[in-house]
Amino acid sequence: EQVETLFSDQTEVSVLGVSVVCSSEQAANVLGQFLGEHPIKNCAILHSGKKSNAGFYIMTAVSTMQKRFRIYALERAEGNSNLIRQFRIDEVIE
């Protein structure tokens, strides 16, 4: 399965404070580029579940060699699929 098939055609993306709305292919490219620049060393799910009228969400803490990030993804039903409508990556400042 192609990564872009996991994203909605109108995905809200925020990476380190820069927000855009982009296509599924662009969202997959943004995520791939970020992960290419920040290889994951460790990952832990902090929260997951359903929000009223929002669908499923997940928040993770990701560690790389130099930094820690928090990743939030929100998915909603579109047709017969659940697609990521929003994802956000923020640096954790300690």
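Colleague: In this predicted model, is Ser8 buried or exposed?
Modeller: Ser8 belongs to strand E1, and apart from its neighbours within four places in sequence it is in contact with Cys22, Ser23, Ser24, Glu78, Leu83, Ile84 and Arg85. Buried means under 20% relative accessible area. Because the relative accessible area of Ser8 is 3%, the residue is buried.

Colleague: How far apart in space are the C-alpha atoms of Ser8 and Ser23?
Modeller: Along the sequence, Ser8 and Ser23 are 15 residues apart, and Ser23 is among the residues in contact with Ser8. From C-alpha to C-alpha, the distance between Ser8 and Ser23 is 7.0 Å.

Colleague: Which residue in E2 is the bridge partner of Val13?
Modeller: Strand E1, which covers residues 7-15, runs antiparallel to E2, and five bridges join the two. Strand E2 covers residues 18-22, and within E2 the bridge partner of Val13 is Val20.

Colleague: Which residue takes a positive phi in the hairpin of E1 and E2?
Modeller: The hairpin of E1 and E2 has two residues between its strands, and Leu16 lies in the loop there. With a relative accessibility of 44%, Leu16 counts as partly exposed. Its phi is near 50°, a positive value in a residue other than glycine, and the residue asked for is therefore, at 44% relative accessibility, the partly exposed Leu16.

Colleague: In what sense do strands E1 and E6 pair?
Modeller: Strand E6 covers residues 81-91, and five bridges link E1 to it. Among the residue pairs, Glu12 has Gln86 as its bridge partner in E6, while Val15 stands opposite Ile89. The sense in which E1 and E6 pair is parallel.

Colleague: How many bridges join E5 to E6?
Modeller: Strand E5 covers residues 68-78 and runs antiparallel to E6. Tyr72 has Arg88 as its bridge partner in E6, and Glu78 has Ser81. The number of bridges that join E5 to E6 is ten.

Colleague: How far apart are the end C-alpha atoms of H1?
Modeller: Helix H1 covers residues 24-37. Its 14 residues, at 1.5 Å a residue, should span 20 Å, and the model agrees with this expectation because the end C-alpha atoms of H1 are separated by 20 Å.

Colleague: Within what arc do the buried residues of H1 fall, seen down its axis?
Modeller: The buried residues in H1 are Ser24, Ala27, Ala28 and Phe34. They line one face of the helix, because the arc within which they fall, seen down the axis of H1, is 130°.

Colleague: Which strands do the buried residues of H1 pack against?
Modeller: The face of H1 turned away from the buried side carries the exposed residues Gly36 and Glu37. On the buried side, the residues of H1 pack against strands E1, E2, E5 and E6.

Colleague: Is Lys41 buried or exposed?
Modeller: Lys41 lies in the loop between helix H1 and strand E3, which covers residues 42-51. Leaving aside neighbours within four places in sequence, Lys41 is in contact with Ser63, Thr64 and Met65. The cut-off for an exposed residue is over 50% relative accessible area, and because Lys41 has a relative accessibility of 56%, it counts as exposed.

Colleague: What distance separates the C-alpha atoms of Lys41 and Arg68?
Modeller: Lys41 and Arg68 are 27 residues apart along the chain. Their C-alpha atoms are separated by 9.7 Å.

Colleague: Which element supplies the largest share of the lining of the largest pocket?
Modeller: The space in the largest pocket is about 230 Å³, and of the 14 residues that line this pocket, the closest to its centre are Leu31, Ile71, Ala73, Ile84 and Phe87. H1, E4, E5 and E6 each supply at least two residues of the lining. The largest share is three residues, and it comes from E4.

Key: Residues are numbered from 1 along each chain as its sequence is written. This is a predicted model: local features need pLDDT of at least 70, side-chain atom pairs count only at pLDDT 80 or more; totals for chains, interfaces and linings use all residues. Side-chain values use heavy atoms; hydrogens and water are left out. Two strands pair if DSSP finds at least two bridges between them. Helices (H or I, at least four residues) and strands (E, at least two) are DSSP runs, numbered from the N terminus. Buried means under 20% relative accessible area, exposed over 50%, partly exposed in between (1.4 Å probe, protein chains only). Contact means heavy atoms within 4.5 Å. The expected span of a helix is 1.5 Å times one less than its number of residues. The arc is that of the directions from the helix axis to the C-beta atoms. On a 1 Å grid over the protein atoms alone, a cavity is a set of points where a 1.4 Å probe fits but cannot get out, and a pocket is an open set with protein on both sides within 12 Å along at least five of seven lines; lining residues have an atom within 4 Å of a point. Grid points are joined across faces, edges and corners, and a volume is the space filled by probe spheres set on the points.
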